[in-house]
Amino acid sequence: MCNPYAAVKLIAQARQLAAEYRRAMGKPLPGVSNEIAEHDAVRLLELEAVAEPDVPWDAVEPGSGDRIQIKSRTIFDESKGGQRIGQLKMNQDWDAVVLVLMDEDYEPYEIYQAMRDDLAEYVDASSSGRSKRGAMSVARFKIIGQLVWDRVNGRQDEVWENRAD
């Protein structure tokens with residue numbers, strides 16, 4: 001297991017590299033944003049990371065035991081709509097999805113959480129083939145989910161406290 005202080009330093013370097021790469025090359029550096037998002041979600045929401053590669057969730061919420069998938073989306077231009085999140089694997093075991101939204105410097109600015117039942121209800125009710133496969137827009141995820149952290153106010157504790165009921 002990596003030293004937590006070393007991990008923080010490595011993530012900061014990954015943020016900087018990813019941002020510089022995109023500015024220089026005009027496209028994102030593949031695979032980096034999800035690693036950064038997982039680190040940020042665990043740290044900011046006080047989740048327990050899961051290091052096992054063969055489980056379909058990335059973290060566990062200590063209070064409820066919910067198994068959390070962590071997704072990310074880096075938003076480079078707020079005025080452009082249509083951003084999508086990675087496919088949700090509805091056939092696997094997990095309880096909730098956390099979506100980390102990051103700015104052009106790969107810094108988190110909002111984190112949303114949606115419960116499996118709410119996501120499944122949308123997928124089941126949708127007539128879109130894309131939605132049936134677990135694909136979803138960032139805008140739709142924000143409607144279904146709840147804001148659990150933002151850069152200005154930090155963690156929205158009442159959301160997590162309500163989950164324990």
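Which element gives the most to the lining of the second largest pocket? In this predicted model, that element is β3, which contributes four residues to the lining. The lining comprises 16 residues in total, and S33, N34, S72, R73 and T74 are those that lie nearest the centre of the pocket. Two or more lining residues are supplied by each of α2, β3 and β4 (84-85). The volume of this second largest pocket is about 220 Å³. The use of a probe for such an analysis rests on a general principle: rolling a probe the size of a water molecule over the atoms shows where empty space is left.

The chain as a whole contains six helices and nine strands. Of its 165 residues, 42% count as buried. Among contacts between residues at least 6 apart in sequence, 61% join residues at least 24 apart.

The loop that links β3 to β4 contains Q83. This residue counts as buried because its relative accessibility is 15%, where the cut-off for burial is under 20%. When neighbours within four places in sequence are left aside, the contacts of Q83 are R73, I75, D77, S137 and V138. R73, one of these partners, is also among the residues nearest the centre of the second largest pocket.

Helix α2, one of the elements that line the pocket, spans residues 32-45. Its 14 residues reach 20 Å from the first C-alpha to the last, close to the 20 Å expected at 1.5 Å a residue. The buried positions of α2 are V32, I36, A37, H39, D40, A41, V42, L44 and L45. The helix is followed by E46, which is found in the loop between α2 and β1 (48-49). E46 is not a glycine, yet its phi is positive, at about 55 degrees. In general, most residues other than glycine have a negative phi. With a relative accessible area of 55%, E46 is classed as exposed, because the threshold for that class is over 50%.

Nonpolar side chains in soluble globular proteins tend to be buried together. In the present model, the largest nonpolar core has 23 residues, and those with the most contacts inside it are L45, I70, V98, V100 and I111. At least two residues of this core come from each of α1 (4-25), α2, β3, β5, β6 and β8 (146-150). The largest share is that of α2, with seven residues. Apart from this core lies another, of 17 residues, which includes I75, I85, Y112 and F141. I75 of this other core is also one of the residues in contact with Q83.

V98 belongs to the largest core and touches residues from several parts of the chain. Beyond positions up to four places away in sequence, V98 touches A41, L45, I68, Q69, I70, K71, I111, Y112 and Q113. Q113 of β6 stands opposite V98, and the bridge partner of Q113 in β8 is Q146.

Strands β5 and β6 run antiparallel and are joined by seven bridges. On pairing with β8, β6 is again antiparallel, over four bridges. Eight of the eight residues of β6 are buried, so this strand is largely enclosed by the rest of the structure. M115 is found in β6, which covers residues 108-115. Its burial follows from a relative accessible area of 17%. The C-alpha atoms of M115 and V97 are separated by 6.4 Å, although the two residues are 18 residues apart along the chain.

β5 and β6 form a hairpin with five residues between them. Within this turn, Y106 has a positive phi of about 60 degrees, although it is not a glycine. Y106 lies in the loop between β5 (96-102) and β6. At 2% relative accessibility, Y106 counts as buried. Both E46 and Y106 are thus non-glycine residues with positive phi, but E46 is exposed, whereas Y106 is buried.

Conventions
Residues are numbered from 1 along each chain as its sequence is written. This is a predicted model: local features need pLDDT of at least 70, side-chain atom pairs count only at pLDDT 80 or more; totals for chains, interfaces and linings use all residues. Side-chain values use heavy atoms; hydrogens and water are left out. Buried means under 20% relative accessible area, exposed over 50%, partly exposed in between (1.4 Å probe, protein chains only). The expected span of a helix is 1.5 Å times one less than its number of residues. A nonpolar core is a set of buried Ala, Val, Leu, Ile, Met, Phe, Trp, Tyr and Cys residues joined through side-chain atoms within 4.5 Å. Contact means heavy atoms within 4.5 Å. Two strands pair if DSSP finds at least two bridges between them. On a 1 Å grid over the protein atoms alone, a cavity is a set of points where a 1.4 Å probe fits but cannot get out, and a pocket is an open set with protein on both sides within 12 Å along at least five of seven lines; lining residues have an atom within 4 Å of a point. Grid points are joined across faces, edges and corners, and a volume is the space filled by probe spheres set on the points.
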